[in-house]
Structures are given as C-alpha cells and as structure tokens.
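This report describes the packing, the ligand surroundings and selected residues of one protein model. Please consult the sequence and the structure shown below while reading.

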Amino acid sequence: MSIAERLAAVRARIDAAAARAGRDPSTITLVAVSKTKPASDVAEAFAAGQRIFGENYAQELVNKSAALGHLGIEWHFIGRLQTNKARAVAPIATMVHAVDSERLARELGKRVPEGRVLDVLIEVNVGGEESKGGVSPATLPSLIATIMTIPSLRLRGLMSIPPPSDDPRRFHRALRELRDAHGGAVALPVLSMGMTDDLEVAVEEGATMVRVGTAIFGARA
Ligand SMILES: *Cc1c(COP(=O)(O)O)cnc(C)c1O
C-alpha cells in the first residue's frame, strides 16, 4: 500500500470510530508521526493532503523542517523534550505535546520567537509509571497555573502515552475525566491520545488529536 492509501485507511478508521461515538469526525485531527522516517515519506504524505506531522527528536525535527521548509508543514513536537533542546524546537514547532515540568515550560516560553505564541499540551502520566514522562494528576493543577502565567505559551489541553495494555480505554477515559475536572473542553479543548493500535478507543473516549505513525509510514527500524 502507498502512503496515500495508508493515510486514507487511517482517516477511515478515525471517521468510523467518530461515527460510532456520535462525534463529528472533523473535530478529530490526525498527527502523522514521521519520526525515524525520511523527509521523502513526509513529502509523500503531504502530497496526499496531510498537513500536520509529529516528530520526537529535536535534531530530526530541525533537519526535516529545513529539508521541507518550502512546503508549509505544521510540525508538532510530540516526544520528551530536554530543556536544553527547547531553543531548537520552539521556533519550528506549532505545538509541543509533552510539557511536563515548570522548568521546561519556562524555558520553552523564553525560546518562542518574538511576536509568536506556541501551543502546548501537558503530558499526564496516566499509567503512574515511574520511568515515564508526564505529570501526575496531583501535580497537574500547579503546572496548568504556571503555564497560564507565561504569555508566549498557549495551553490547549492534555496528552498521554498510556502503558501497553489490554485495556487502553480506562487510560483514555482517565485523561478525559482529568480534563473535565480542570476546566473542561472550553479551557482545555485538545485531548491528544491514541496511536496506531488504540486510536478507535481513544476517539470513542474523546480524543481530539490522534498521533499515528506505524499505520501510515510502516514499522520503524
Ligand atoms: C511514536 C509515537 C507515536 C506513534 O506511534 P505508532 O504506534 O507508530 O502509531 C505516537 N505518539 C508518540 C508520543 C510517539 O512517540
């Protein structure tokens, strides 16, 4: 299957899940996760109509956005971001998905080019896994409050990467419930959750952004 055909298949999966959940499919944004894949794959997906791409590594984002700068791609940084890479990422990304500390938020805020505002999501560690990024539900309110004080950042919502599980639904539901408990869809309209294997469940539970790599670009090395 070509990248265009795979993209269409993913979009069809999203639309079908939205229909089952009684949701408008146009309210669900597909982020095509292109990490480790060549710029030529991104260009192919772009030619097929995809506009938003997600990258996990700062240097890869820098390289690909330079190679494809003429296209007008919207880049989302979805990986764990080290504070010292904020300087490289903030001028390129239109959204950073995994902000999980005040330090990172402040550093990003400092690195946003003059006159621009960077959209950010807070990553929540819904699985309570020690080794993973994301804030605990208990520390979420203070990070929300901090980000609201940084004028160059615009808090848009929450993001999660649940642990591998036979039951991803409870993690997606937990993220939505946290969002509902902290201002709801008006304050935090974006719920970035769901990947290749669990995007349907995520959409059924309220995802407004799904991050899909493998189903579009094939398995990663
Ligand atoms: C790699 C990655 C994805 C995409 O995962 P697939 O299973 O390939 O769809 C989504 N989100 C994040 C944060 C990732 O690192």
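A nonpolar core is a set of buried Ala, Val, Leu, Ile, Met, Phe, Trp, Tyr and Cys residues joined through side-chain atoms within 4.5 Å. Buried means under 20% relative accessible area, exposed means over 50%, and partly exposed lies in between, with a 1.4 Å probe and protein chains only. The model is predicted: local features need pLDDT of at least 70, side-chain atom pairs count only at pLDDT 80 or more, and totals for chains, interfaces and linings use all residues. Residues are numbered from 1 along each chain as its sequence is written, and side-chain values use heavy atoms, with hydrogens and water left out.

**Nonpolar cores**

The largest nonpolar core comprises 59 residues, and Val96 and Leu108 have the most contacts inside it. Helix α1 (residues 3-21) gives the most to this core, namely six residues. Helices (H or I, at least four residues) and strands (E, at least two) are DSSP runs, numbered from the N terminus. Another core, of eight residues, lies apart from the largest one and includes Val31, Met95, Val190 and Met209. Contact means heavy atoms within 4.5 Å. When residues up to four places away in sequence are not counted, Leu108 touches Leu81, Ala86, Ala90, Val96, Val99, Leu118 and Leu153.

His76 is found in strand β3 (residues 74-77). The residue is buried, because its relative accessible area is 2%. Beyond four places in sequence, the contacts of His76 include Val31, Met95 and Met209, together with Ile52, Phe53, Gly54 and Glu55.

The model has one aromatic pair under the rule that rings of Phe, Tyr and Trp (its six-membered ring) pair if their centres lie within 6.5 Å. Planes under 30 degrees apart count as stacked, over 60 as edge-to-face and the rest as tilted. The ring centres of Phe53 and Trp75 are 6.1 Å apart and their planes stand at 50°, so this pair is tilted. Distant parts of the chain are linked in this way, since Phe53 belongs to strand β2 (residues 52-55) and Trp75 to strand β3, 22 residues apart. Phe53 is buried, with a relative accessible area of 0%, and Trp75 also counts as buried, at 4% relative accessibility.

Val212 lies in strand β8 (residues 209-212) and is buried, with a relative accessible area of 0%. Leaving aside neighbours within four places in sequence, Val212 is in contact with Val10, Leu30, Val31, Ala32, Val33, Met195, Thr196 and Leu199. Val212 and Thr196 are 16 residues apart in sequence, and their C-alpha atoms are 5.1 Å apart in space.

**Ligand surroundings**

Which residues come nearest to the ligand? Of the 13 residues around the ligand (each with a heavy atom within 4 Å of it), Lys35, Asn56, Thr196, Thr214 and Arg220 come nearest. The table lists polar contacts, that is, pairs of N or O atoms within 3.5 Å; within protein, one must be able to donate a hydrogen and the other to accept it, and residues adjacent in sequence count only if both atoms are side-chain atoms.

| Side chain | Ligand atom | Distance |
|---|---|---|
| Lys35 | oxygen | 2.7 Å |
| Thr196 | oxygen | 2.5 Å |
| Arg211 | nitrogen | 2.8 Å |

The protein covers 89% of the 390 Å² of accessible area that the ligand has on its own. Accessible areas come from the Shrake-Rupley method with a 1.4 Å probe, and for residues only the protein chains shown count as cover.

**Loop residues**

Most residues other than glycine have a negative phi. Thr36 has a positive phi of about 70° although it is not a glycine. Thr36 lies in the loop between β1 (29-33) and α2 (39-47) and counts as partly exposed, at 45% relative accessibility.

Arg51 is placed in the loop between α2 and β2. With a relative accessible area of 39%, Arg51 is partly exposed. A polar atom of the Arg51 side chain lies 2.8 Å from the backbone oxygen of Phe46. Arg51 touches Phe46, Ile73 and Glu74, not counting residues up to four places away in sequence.

Pro162 lies in the loop between β6 (153-159) and α7 (168-181). With the same exclusion of residues up to four places away, Pro162 touches Val126, Phe171 and His172.
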